[in-house]
Amino acid sequence: MDNQLADTKKETLLQWISLVGLAVVLAILFIILGVNQLQVSDPYSKNVLSLQGDPVKGQAIFQMNCAGCHEWPTDSQVGPSLEGISQHKSDVAIIKQVVSGQTPPMPQFQPNEQEMADLLSYLKQI
């Protein structure tokens with residue numbers, strides 16, 4: 001009888017731990033999805049992502065505004081190489097990085113929505 005009671009308690013404890021673990025995983029998933037939805041709901045980013053970018057124009061914007069610090073393959077760059085950046089950051093994260101100016105010494109850069117779409121399309125190709 002005692003063994004049955006102990007087994008029942010262990011089983012109940014395991015079920016409870018499983019439910020708590022599932023709740024934690026679901027909460028993390030909802031947080032991640034919610035943050036992503038908030039990022040895309042930013043009107044500027046949403047408008048940029050709705051536009052068709054021109055990588056040729058984007059390259060020109062890059063050369064005028066970004067290449068001084070992010071040119072590659074030189075070793076004398078101030079900022080990191082942006083080659084393959086779209087494989088490491090989402091489109092929304094790239095947009096926020098460009099316009100925020102929150103990473104010193106990178107200055108705040110405020111391209112209009114079409115220019116940002118062009119720049120983003122170029123960055124996806126490098």
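At 23% relative accessibility, D91 counts as partly exposed; the class lies between buried (under 20% relative accessible area) and exposed (over 50%), with a 1.4 Å probe and protein chains only. The model is predicted: local features need pLDDT of at least 70, side-chain atom pairs count only at pLDDT 80 or more, and totals for chains, interfaces and linings use all residues. Residues are numbered from 1 along each chain as its sequence is written, and side-chain values use heavy atoms, without hydrogens and water.

The pLDDT gives the predictor's confidence in each residue, from 0 to 100. Its mean over the protein chain is 80, and 81% of the residues reach 70 or more. Among the elements, α1 has the lowest mean pLDDT (72) and helix α6 (residues 113-125) the highest (92). Helices are DSSP runs (H or I, at least four residues), numbered from the N terminus.

Two salt bridges were counted, each a side-chain nitrogen of Lys or Arg within 4 Å of a carboxyl oxygen of Asp or Glu. D91 and K124 form one of them (2.9 Å, N to O). This pair links distant parts of the chain: D91 lies in helix α5 and K124 in helix α6, 33 residues apart. K124 is partly exposed, at 43% relative accessibility. K96 and D42 also meet in a salt bridge (3.4 Å, N to O). K96 belongs to helix α5 (residues 91-100), D42 to the loop between α1 and α2, and 54 residues separate them. Both ends are partly exposed: K96 has a relative accessible area of 30%, and D42 has 24%.

One aromatic pair was found. Rings of Phe, Tyr and Trp (its six-membered ring) pair if their centres lie within 6.5 Å; planes under 30 degrees apart count as stacked, over 60 as edge-to-face and the rest as tilted. The centres of F62 and Y122 are 5.4 Å apart and their planes stand at 50°, so the pair is tilted. F62 in helix α3 (residues 55-65) and Y122 in helix α6 are 60 residues apart. Both residues are buried.

Helix α2 (residues 43-50) has Y44, S45 and V48 buried. Seen down the axis of α2, the buried residues fall within an arc of 95°, so they line one face of the helix. The arc is taken from the directions from the helix axis to the C-beta atoms. P43, K46 and S50 are exposed on the face turned away from the buried side.

Note on methods. Helix = DSSP H or I, 4+ residues; strand = E, 2+ residues; numbered from the N terminus.
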